[in-house]
Amino acid sequence: MSASVSSTPESRPRKLQIREESWAQERTEEVKIQRMKITVPMLSKDLDGEGIPKNTIILETGDPGSGKTTFAIRLIPDAIRQGMIPVYISSEMSSDEVSWQAQSLKIDIPKFRDFRLDKVDQLDLGSPIFLDVFTFREIAREISGQRKESGKESVFVSATSPQVFQEAFEEVLRWARERARKENRRYVDLFVIADSISTYISAAPVQARRFGVDLLATMRKYTFKDKEGKNPQVYTTLIAISQVSSTTGTTFGFPLEHIAGGVMEFKVIRPSREGEELKRIAYIKKMRYTRHYLGAYRVLIGEQVEGQYHPIYFKR
């Protein structure tokens with residue numbers, strides 16, 4: 001009968017002991033959550049005093065006119081102060097229109113530079129980037145051309161299809177990585193606003209969860225380090241705006257809530273009689289890794305509060 005093998009640390013190979021000690025040390029080290037700090041009054045305090053988790057999807061959903069876009073634009077100066085590069089993806093407005101809206105609310109943001117496939121080499125990481133329907137049409141034409149060359153029966157691809165959004169999104173991340181390499185950066189931090197995501201999933205809202213998984217997969221893909229260290233890492237915090245239909249009262253793409261790291265809902269309380277005013281409210285439905293206020297806020301847009309002007313103000 002063979003003797004039993006001792007499993008005491010003294011009897012183990014030295015390499016195995018070192019590996020176990022290293023593993024135990026990694027287990028005891030605190031994992032630090034990267035956050036984007038925001039300066040929106042009251043809300044910044046109630047998000048655990050730190051802000052929203054970075055490198056994830058934050059879903060904003062709500063009624064038309066409830067403050068979703070205004071809130072997203074309001075976060076751009078905060079992102080810039082923290083060294084993040086804003087990227088605005090809009091299916092509804094031009095870069096000038098977003099700038100005009102910011103100016104009307106006294107939100108100070110730099111001029112956007114339009115993202116065009118034939119001019120991406122002229123862009124750098126020093127200015128906010130804007131993607132509009134023109135860029136999506138360019139990408140849709142490219143995909144349609146590739147399908148035609150491969151002999152596929154279905155050639156036409158809509159500029160508002162989920163496939164085109166995914167390709168445009170990855171095109172931006174690919175560009176950011178190339179620019180970071182040219183500028184000898186080890187990483188680049190993007191702050192992306194998609195306004196609105198409903199445009200691309202409203203035709204098939206049941207596929208919203210798959211759409212979100214694909215977005216997360218693309219985001220993770222560009223955070224990986226390669227073995228040779230040639231590719232800078234691209235970290236992405238995505239604000240995805242989803243609308244509620246005023247006729248059916250439903251949100252396009254409810255399954256996105258399961259994919260998102262955070263969900264904020266905005267609502268409009270409509271006047272019911274003469275003299276009553278329209279009210280906007282918001283609440284944090286979900287925010288991973290974050291202790292947050294569970295009540296509803298009154299959302300004030302363009303208000304003088306305590307002698308100071310606030311483009312958007314959250315009030316308990």
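In this predicted model, helix H8, residues 208-221, gives the most to the lining of the largest pocket. Its share is three residues. The pocket itself has a volume of about 260 Å³. Its lining counts 15 residues, and the closest to the centre are Lys54, Asn55, Thr56, Arg220 and Tyr289. Rolling a probe the size of a water molecule over the atoms shows where empty space is left.

Helix packing was examined next. Two packed helices are described by the angle between their axes and the distance between the axes. Helix H3 covers residues 68-81, and helix H4 covers residues 95-104. Their axes come within 11 Å and cross at roughly 85°. Angles from 65 to 115 degrees count as roughly perpendicular, and H3 and H4 are therefore roughly perpendicular to each other. On the H3 side, the contact is made by Thr69, Thr70 and Ile73. On the H4 side, Val98, Gln101 and Ala102 take part. The residues of this contact divide into three nonpolar and three polar, with no charged residue.

Helix H6 runs over residues 162-182 and has 21 residues. From its first C-alpha to its last, H6 reaches 31 Å. That span is close to the 30 Å expected at 1.5 Å a residue.

Most residues other than glycine have a negative phi, and most peptide bonds are trans. Asn184, which follows H6, has a positive phi, near 60°. Asp48 also has a positive phi, near 60°. Asp48 sits in the loop between helix H2 (43-46) and strand E2 (52-53). A cis peptide bond links Asp195 to Ser196, with omega near 5°. Ser196 lies in the loop between strand E7 (187-195) and helix H7 (198-201).

Technical notes
Residues numbered from 1 in each chain as written. Predicted model: local features only at pLDDT ≥ 70, side-chain atom pairs only at ≥ 80, totals over all residues. Heavy atoms only, no water. Axes fitted to C-alpha atoms, helices over the stretch in contact; angles between N-to-C directions. Helix = DSSP H or I, 4+ residues; strand = E, 2+ residues; numbered from the N terminus. Parallel < 35°, antiparallel > 145°, perpendicular 65-115°, else oblique. Contact = heavy atoms within 4.5 Å. Nonpolar A, V, L, I, M, F, W, Y, C, P; charged D, E, K, R; others polar. 1 Å grid on protein atoms, 1.4 Å probe; cavity = no way out; pocket = protein on both sides within 12 Å on 5 of 7 lines; lining within 4 Å. Points joined across faces, edges and corners; volume = space filled by probe spheres on them. Expected span 1.5 Å × (residues − 1).
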